[in-house]
Amino acid sequence: MSARGPRFFAIGVAIAILLTLPLWIANSYYVNIASQILLWAVAALALNVLVGYGGLVSLGHAALFGAAGYTAALLLKAGHGHLVADLAAIGFTLFVSAIFAILSLRSTGIAFLMITLALGQILWGIAYRWVSLTQGDNGVNVTTRPRFFGISLATADAFYYAVLIVFALAVISMAIFVRSPFGASLRGTRDQARRMNALGYNVWLIRFLAFLFSGFWTGIAGLLFVYYNQFISPQVMALQTSAEILLMVISGGTATLLGPIAGAAIVVVMKNVASAYIERWNLVLGVIFVLIISFMPDGLIPGTARIWRSGWQTLRARAARGVRVS
Amino acid sequence: MKVQRRTVLKGLLAASAAVAAPPFLRAQAAPFKIGLLTVKTGPLAQGGNQMEQGILTFLTEKNKTLAGRAIELIVADTGGNPAGAKTKASELIERDKVNVILGPLAAFELLAITDYVRDNATPLISIAAAEDVTQRKANPFVIRPSATSAQCCHAMGDFASKELKFKRAATISEDFAFGYEQMAGFQRVFEDNGGKVVKKLWPPFVTPDYTPYIAQISNVDCVFNGFAGSNPVKFMRAYADLGVKDKIPLLAGWTAMDDALLKSLGDEAVGVISAAWYSSEANTPSNKRFVEGMQKAYGVLPGGYSAGMYVAGQCVEAAIQILGGKADDRKALAEALHKVSLTDTPRGPVKFDQYGNVVGDVFIRKCEKKDGKLVNTVIKTYPNVSQFWSYDEKAFLGNPVYSRDYPPAKNLE
Amino acid sequence: MSLWLTLAVNSIALGGLLFLLSAGFSLIFGLMRIPNLMHGSFFMLGAYFGVSFLQQGVNFWLAALLSGVAMALIGGLIERFLLKRLSGQELPQVLLTLGLSFIIADLCLMIWTGDPWQPATPPQLRGAVQVAGLFFPIYRLAIVAVAVVVALALWLMIDWTRLGAKIRAGVDDAPIARMVGIHVSKLFTLIFALGAGLAAFGGVMGAPYLSVYPGLDAEMLPLALIVVILGGTGSLVGAFVGSFVIGFLYNFGQAMFPDLAYVILFLPMVLVLVLRPQGLFGKVMS
């Protein structure tokens, strides 16, 4: 069947919209919101590697996000260039991810969730308390954004395109990862850890590498965040941020490519746009989550797809019946 | 008096000029937009709601018209975090194109957006206290009619040493910049007057139980606390419950003993002496209108967060008066805001130094129980207090900004 | 040294409060395997209920009981109509409980405003004990007594009643329990209601001491998690001992290592999880 036709068409439309977005939303504020959606989508996609494909629910990813942001911000403040700062930030995030992974991968399930939560809180505590390094609560300002092949990213539009490129790379790398033998083996460890072990796979190593992969993209998202806001403070490493990223993944639909992106869009739009019109936006956001989970326990994207398919099938069945009657 | 009449005349002139010149009238027709950057959700919503009530009270009193200009107020909820403050500031500036921003509430929010408002040339009237925004990193687009963190604490240090004759003090405050800066200001003046700060305690912002800290306090004449938000309520109860209050008098910064907080406090607050830049007891005409307006609309006694926004509204009004038809020029507005000088605000006379920080009165109050209700009775007024206290401005700015380690605490035991 | 004595006594007092907070969490977590991320919200909402009852002139203990009952009803309804359909699905449970905690937090802000509330200490329990240089509020000691009574009651229920036998069977092996004819579904609703009610009761008990304010939920949730992790899931003894261990760690940690104030509770949590993931008293999780 030509199920691929509509899908390619939809992807084409999405790409066209994303590419031309700044042209038809003239206001820089909305362009900035779009950049935020994309950067949080990168973070959600990264967490989805563990949550969706690995079955490992982390509540400590804000710490990885913040580790990258802080490393870059502090190195930039110390006078280093963007390239050095960014590479060091990614390096450090991978290092922290490795430590997180070594400590947390002794367990799975809720114990894994708890240990990542605790580790995240510890990093948050360090960022808060180690005032001489991090300036504590006051945070660190980043005065300049990097130049991208000579183009300044200072304007909203330019920054949007930079984020879009990174976002596209993240999506592509996720798509490749899902289809790769590595992705398949990670899913295997999620569904049948014992069998994977028996088959000679090193379950621990697969999970460890997945953690690093997830940490890498979380770090990239953290870098985008710090360049977007040109500021970082401990709040971003708090449990609430970890929970928000997790909510994006679950509400959109775990183990899907589109789910985390949709989830990021919901959360960012509610927090930043809807909050201008609805005073009790927190309540509405809560209600949205409850509704999603009540009607689509597998998340918005898989749920919508299911409804779409069943609707389509009913229509076709009706049409078929109609044919028979006549 | 004279000043007031002149400003009224100016306003009239501006109004008549507007009538005389049709194109000018068109320019005037667009409302003057005030953006309020506040917190309406999450743990900081208490102060954030009060901020909104304060500016609404002012605008209602003025019938939503300042110096002949119709006012549009746009309220933005930052959620109490820096990233939210940045996004909401950009919403107000880039989307709503506001003429001026009032707020934000917290120092870390202000620090996240000061560069941004300067780059986008939008004036901001802050209530957040971060010292350096009106000192070493003064921002030409920011004024602060409330106070720096240490502004009232300098006065408290003076009062504690000179009038109360305390020699040994302990300080306790949240472990963040607002706390560091408050305690530093107190310590500096207290020690310069011959006192000694022998213990400095820094509980985390989130501390379920203050007992482990309070238990460490002994052998001092007084304890100065600088808690904010809902923490002072918890702290003072524990301080009294553990029997320390009966032995060691408690002093407080403005957020720890704010008038708006009194309704949440009980007997444990009686006797606490605090330094604040606003007192709901103040006897100025505008304060009477303000307190009455707040009582009528919200049934509450206003505190600093509301008063700060009311005064901010008065500053906007005065700046529009100064500029007349040019009030839409944001750079001119920022300059005019620096030049504002008011004789009658709820907090008393207000003018600004060259860095945009207020020079105004600081009240020393003692909490008492009158007719079953707590009141902060003013026992001394320090007039025209600058952010530099009595120190030389240059020397002050030559030192590092107040922090946990500066000025160094040499007398810790 | 009166400092150390005060800290020690306060550790016990805080432990009592932590037990009231986390006993319900432990039951829910152990029996139903639900990471109930709205447990802090139950505690806060219960405390707010208590504030409102007290304002109506209700006696303190009655207010605590009423608010516990009210919260148990709400908890039961949440379990029956929302959580039940998600049994065994960890991620949707996380999303649902977090979503509900957003709703509860915002509703509380709407109803009780952002101002902190601190109910007066019940009149019979005002004042302080003074022994050997120690000065300690009676009310906090009363909380310990209440915690011990609650712990005993729970222990009696679990070890000596039919209901308790069912609960134990459920904790040990839910599918088997179902096979031998235990209505696990009803049991779950009951346990969830009980856990919610206990949290709310603890919230009212804590109110004169912690006060009630927006954000209390987010402060309490990690404490409940830590206690249960440390003590071991589904173990009442674990929750009890864990509460007091955390009480001591918190008090002495804050006083002796102020630089570690933020991590003093999470470091041991990591240690326990790495070295003994089932907690000090827990059984090995499947």
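These legends describe close-up views of a predicted model. Residues are numbered from 1 along each chain as its sequence is written, with chains lettered from A and ligands numbered from 1 in the order in which they are written. Local features need pLDDT of at least 70 and side-chain atom pairs count only at pLDDT 80 or more, while totals for chains, interfaces and linings use all residues.

**View 1. Strand β7 of chain B and its parallel partners, β8 and β9.** Helices (H or I, at least four residues) and strands (E, at least two) are DSSP runs, numbered from the N terminus. Strand β7(B) spans residues 168–172; four of its five residues are buried, so the rest of the structure largely encloses it. Buried means that 20 or more other C-beta atoms lie within 10 Å of the residue's own, with C-beta atoms placed from the backbone; 12 or fewer is exposed, and in between is partly exposed. Two strands pair if DSSP finds at least two bridges between them. Five bridges link β7(B) to the parallel strand β8(B), residues 196–201. Here B:A170 stands opposite B:K199. Four bridges link β7(B) to β9(B), residues 222–225, also in parallel. B:I172 has B:N225 as its bridge partner in β9(B).

**View 2. The six-stranded open sheet of chain B.** The strand order is β2-β3-β1-β4-β5-β6, with mixed pairing. β2 (65–66) and β6 (142–143) of chain B stand at the edges; each has a single partner strand, so one side of each lacks a neighbour in the sheet. Three bridges join β1(B), residues 32–38, to the parallel strand β4(B), residues 100–102. B:G35 stands opposite B:I101 in β4(B).

**View 3. Helix α5 of chain C and what covers its buried residues.** Helix α5(C), residues 138–160, has 23 residues. From first C-alpha to last it reaches 32 Å, close to the 33 Å expected. The expected span is 1.5 Å times one less than the number of residues. C:R140, C:I143, C:A147, C:V150 and C:L154 are buried. Their cover includes α1 (2–32), β2 (134–137), α8 (184–210) and α10 (236–256) of chain C.

**View 4. The contact between chains A and C.** Chain A contributes 34 residues and chain C 33 residues. Two residues are in contact if their C-beta atoms, placed from the backbone, lie within 7 Å. On the chain A side, α5 (109–129), α11 (239–252) and α13 (281–295) each supply at least two residues. α5(A) gives the most, with 13 residues. This side has 22 nonpolar, nine polar and three charged residues. Ala, Val, Leu, Ile, Met, Phe, Trp, Tyr, Cys and Pro count as nonpolar; Asp, Glu, Lys and Arg as charged; the others, Gly among them, as polar.

**View 5. The contact between chains C and B.** Chain C contributes 30 residues and chain B 26 residues. On the chain C side, α1, α4 (90–112), β2, α9 (216–231) and α10 each supply at least two residues. α1(C) gives the most, with five residues. The chain C side divides into 18 nonpolar, nine polar and three charged residues.
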